[in-house]
Amino acid sequence: MSMGGLLREKIVRSGLVHLMASHSPLAALLAEEAGFDGIWASGFEFSALLGLPDVSLVSMTQHLEMLRAMAARVSLPIVADIDTGFGNALNVIHAVREYERAGAAGIVIEDKTFPKVTSLIAEGRQDLVRTAEFQGKIKAAIATRAHPDFLVIARVEALIAGLGEAEALRRAAAYTEVGADMILIHSKKSTPDEVESFARAWSGRVPLVIVPTAYPAMDETRIRSLGKIGMVIYGNHAIRAAVAAMQDVFTAIRQDGGSANVEGRIAPVEEIFRLQGMAAVKANEARFLR
Ligand code: SPV
Ligand code: MG
């Protein structure tokens, strides 16, 4: 079964799949071990990993290379965050070919203008493309995918842009009309109300995807109770966890003049060996190096 098929099957079987953002194969591996259903190849996380803002600076090639490296280390389906699709519908055609070949289960493409500005920033410049132009991008993605199970998820940024629920619903319906498999409705409100209201008003023709970063009160019980959401993405928790842990440990080492005090709260080196697959290295040494 294709990765897209695997993810679709999980959605049908459990009603709701949980994806964790990853910026590296190691993060993806940890998400897999923690029991997530899939990986979100987040543009925000990968930009942050490179020390860059999430404003269309990272190239498709750079992102693809990381996605391939992740796909080589985990067996979970990976949904690629391809931002605006790197240009117009012609760029989307190229991107879909490349991401599907790289092993992605699907893509999320957002209806902002290129270059985009990260969604959760306060007072960000959030310009959207015309609905018809974005429909063209969705159609291009669908016409290009080699396997019909490859998920084409349309991301509606109307709430992020402050255009209101009616415009968000209108765009979501227009994207579904041309074949989008799911609608990602994004919100940066600090409570779930905006997304819950959208979900209640949504026809339910295709399932919704949400990224409850700004409104963490939206837990899985609350998500399931709406009956319209098929995928939840924890959009930046890997990089935020990593940053908080590194800041804590780096500061302590400088303050304490050594690393003795942090030993108990960092992973033992044996744990890193395990994640790196050193057991297989040892077994192969015994088998082949004699
Ligand atoms: C990402 O993780 O890159 C996303 C989600 O697109 S957000 O940063 O909330 O826009
Ligand atoms: Mg993104």
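Two strands count as paired if DSSP finds at least two bridges between them, and helices (H or I, at least four residues) and strands (E, at least two) are DSSP runs, numbered from the N terminus. The model shown is predicted, so local features need pLDDT of at least 70 and side-chain atom pairs count only at pLDDT 80 or more, while totals for chains, interfaces and linings use all residues. Residues are numbered from 1 along each chain as its sequence is written, chains are lettered from A and ligands numbered from 1 in the order in which they are written, and side-chain values use heavy atoms, with hydrogens and water left out.

**View 1. Eight strands close into a barrel.** The order around the barrel is S1-S2-S3-S4-S5-S6-S7-S8, and the pairing is parallel. From one strand to the next the twist averages 25°; axes are lines fitted to C-alpha atoms, for helices over the stretch in contact, and angles run from 0 to 180 degrees between N-to-C directions. Strand S1 (residues 17-22) pairs with strand S2 (residues 38-41) in the parallel sense over four bridges, and Trp40 in S2 is the bridge partner of Ala21.

**View 2. Helix H6 packs on the sheet.** Helix H6 (residues 131-144) touches strand S4 (106-110) and strand S5 (151-156), where contact means heavy atoms within 4.5 Å. The direction of H6 makes about 165° with that of S5.

**View 3. Helices H2 and H4 pack against each other.** The axes of helix H2 (residues 25-33) and helix H4 (residues 60-73) lie 8 Å apart, at an angle of about 40°. That makes H2 oblique to H4, because angles under 35 degrees count as roughly parallel, over 145 as roughly antiparallel, 65 to 115 as roughly perpendicular and the rest as oblique. Pro25, Ala28, Leu29 and Glu32 of H2 make the contact with Met66, Ala69, Met70 and Arg73 of H4. By class, this contact has six nonpolar, no polar and two charged residues, with Ala, Val, Leu, Ile, Met, Phe, Trp, Tyr, Cys and Pro counted as nonpolar, Asp, Glu, Lys and Arg as charged, and the others, Gly among them, as polar.

**View 4. A cis peptide bond joins Phe114 and Pro115.** Omega of this bond is about -5°, and Pro115 lies in the loop between S4 and H6.

**View 5. Ser56 has a positive phi in a residue other than glycine.** The value is near 65°, and Ser56 lies in the loop between helix H3 (43-49) and H4.
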